[in-house]
Amino acid sequence: MDRIAVFPGSFDPITRGHESIIRRALPLFDKVIVAIGENTEKRSFFTLERRLEWLHQIFGAEPGIFITCYSGLTIDFCRREGARFILRGLRTAADFEFERGIGQMNKLMFPDLETVFLLCVPEYASLSSSIVRDIIRNGGDVRQFVPEGIETGSH
Ligand code: ADP
């Protein structure tokens, strides 16, 4: 059976932290599905189309990476895709506490699903999409924080 992992997130915008987790996960799985979760309660800064376009731009040429979006529960999406792994990145103890709650609830609802955590590389430990959005809102240059070639202007 293929080892399929889903990396769910908002990617609003995608950062070098996300990119690093996805690339480092590649040797662990046969297929990594990078999936933008459409959250009806959270209004995104960048449109879904723009976020999908960036993911295609960055990972389109990678044979093991698939890009998509979904709404509803992540575990239902995993079931539909035949994925037995959810991939998440850990930066801080706060991330751990947050992820522990979600991961353990997911485990109760879908016992065959494993959440796999990769530790963030130290250089991206303070990097988050929300800080990147703040910098953009205030006219700063975010090129060093987002993947090579990503243009976040005029959102
Ligand atoms: P969510 O809206 O679900 O928090 P994000 O797009 O912010 O989605 O993050 C998706 C995943 O990427 C989460 O597991 C998060 O911990 C991880 N992540 C975010 N920023 C970084 C980073 N700088 N380094 C490593 N992992 C990160």
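Which ligand atom does a polar side-chain atom of R88 lie 3.2 Å from?

A: Happy to. This is a predicted model, in which local features need pLDDT of at least 70, side-chain atom pairs count only at pLDDT 80 or more, and totals for chains, interfaces and linings use all residues. Residues are numbered from 1 along each chain as its sequence is written, and side-chain values use heavy atoms, with hydrogens and water left out.

The R88 atom lies 3.2 Å from an oxygen atom of the ligand. An N or O atom in the side chain of H18 is likewise 3.2 Å from a ligand oxygen. At Y124 the backbone takes part: one of its polar atoms is 2.9 Å from a ligand nitrogen. The protein buries 87% of the 550 Å² that the ligand exposes when taken alone (Shrake-Rupley method, 1.4 Å probe).

Now the surroundings. The ligand is surrounded by 17 residues, with S10, F11, G89, Y124 and L127 the closest (a heavy atom within 4 Å counts as near). By type, seven are nonpolar, five polar and five charged (here Gly counts as polar, and Tyr as nonpolar). At least two shell residues come from each of β1 (4-9), α1 (16-25), β4 (85-90) and α4 (93-109) (DSSP runs, at least four residues for helices and at least two for strands).

Terms used. Polar contact = N/O pair within 3.5 Å; in protein donor to acceptor, adjacent residues only side chain to side chain.
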